[in-house]
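Dear colleague,

I am handing over the structure we spoke about, and below it you will find an account of what was found. Please read the text with the coordinates open beside you.

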Amino acid sequence: DTGGKYLLYMENITVSFDGFKALNDLTLYIEPGELRCIIGPNGAGKSTMMDVITGKTRPDQGTCFFGQTLDLTRMSETEIAGAGIGRKFQKPTVFPEHTAAENLELAMAGPKTTWHTLVHPLNGEQRDRIAATLDTVGLLDRHDHVAGALSHGQKQWLEIAMVLMQQPKLLLVDEPIAGMTRQEVERTAELLQQLAGEHSVVVVEHDMEFIRSIASTVTVLHQGSVLAEGKMQDVQNDPKVIEVYLGE
Ligand code: ADP
Ligand code: MG
């Protein structure tokens with residue numbers, strides 16, 4: 001029984017690579033509609049945690065449930081994506097020669113689709129969904145611009161929009177603000193806060209300023225387990241956290 005309260009329920013997860021524990025007895029619970037920030041020094045296990053949630057990496061031990069019934073440790077990556085877990089990777093992977101709208105059309109059709117196997121034209125409802133999703137991420141005025149011509153920040157938002165086309169219940173975002181301008185960072189903080197609620201959002205980041213501006217619950221990972229968890233103002237004054245960050 002996972003209590004019924006949580007969308008994501010990870011308990012005592014351990015992942016070893018050649019005897020080295022990238023995750024070591026990690027426990028994490030995410031509620032529906034929550035925006036959670038995960039921080040921690042390089043090598044803390046943040047990406048490995050995302051890999052376990054998405055089925056890319058199998059844990060050696062532990063429990064990982066999505067909702068009440070879905071045991072993620074027994075599902076393929078494709079099944080997990082289909083169940084409503086979307087991930088935005090660090091590097092933009094948009095199709096540069098296609099327009100913003102076409103990128104969303106491809107994303108809506110699913111991962112195995114190419115431009116040549118797409119069924120055209122779209123119906124009105126599909127067109128509306130694409131426009132609404134571009135609007136959500138602030139790119140409606142880039143609808144017919146090729147993705148390759150977008151700024152770095154805009155590409156990152158387009159990629160978030162592409163994940164949204166799959167209508168995820170849980171959205172995982174790995175280091176979204178790397179390389180962004182200050183303005184783009186602020187816009188990204190607003191966007192993630194706006195998305196939480198309708199989707200649960202787990203964001204991995206190490207920019208403290210950005211995390212502070214988001215003002216959600218923060219989980220600090222260190223050596224593959226949770227070092228501290230709570231409101232940013234408490235976590236940042238925790239002596240254990242200060243030690244880990246000053247020791248970097
Ligand atoms: P973070 O994302 O917090 O920087 P990672 O989850 O990428 O940390 O990595 C955690 C630790 O596990 C690191 O020490 C990393 O070198 C190691 N690691 C991650 N993936 C692998 C792998 N496929 N093989 C061996 N070691 C790995
Ligand atoms: Mg990482």
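**The sheet and the helices around it**

The model, which is predicted, contains an open sheet of 6 strands with mixed pairing, arranged in the order β6-β7-β8-β3-β9-β10. At its edges lie β6 (85–88) and β10 (225–231), each of which pairs on one side only. Ignoring direction, neighbouring strands of this sheet are turned against each other by 20° on average.

Within the sheet, strand β7 (residues 170–174) and strand β8 (residues 200–204) run parallel and are joined by 5 bridges, and here Val173 stands opposite Val203 in β8.

Helix α1 (residues 46–53) packs on the sheet, where it touches β3 (35–39), β6, β7, β8 and β9 (217–222), and its direction makes about 150° with that of β7. Another helix, α6 (residues 182–195), lies across β3, β7 and β8, and runs at about 145° to β8.

Turning to helix α3 (residues 100–109), I would describe this helix as mostly covered, since 7 of its 10 residues are buried. After α3 comes Gly110, a residue whose phi is positive, near 110°.

With best regards

Note on methods. Residues numbered from 1 in each chain as written. Chains lettered and ligands numbered in written order. Predicted model: local features only at pLDDT ≥ 70, side-chain atom pairs only at ≥ 80, totals over all residues. Pairing = 2+ DSSP bridges. Helix = DSSP H or I, 4+ residues; strand = E, 2+ residues; numbered from the N terminus. Axes fitted to C-alpha atoms, helices over the stretch in contact; angles between N-to-C directions. Contact = placed C-beta atoms within 7 Å. Buried ≥ 20, exposed ≤ 12 C-beta atoms within 10 Å, placed from the backbone.
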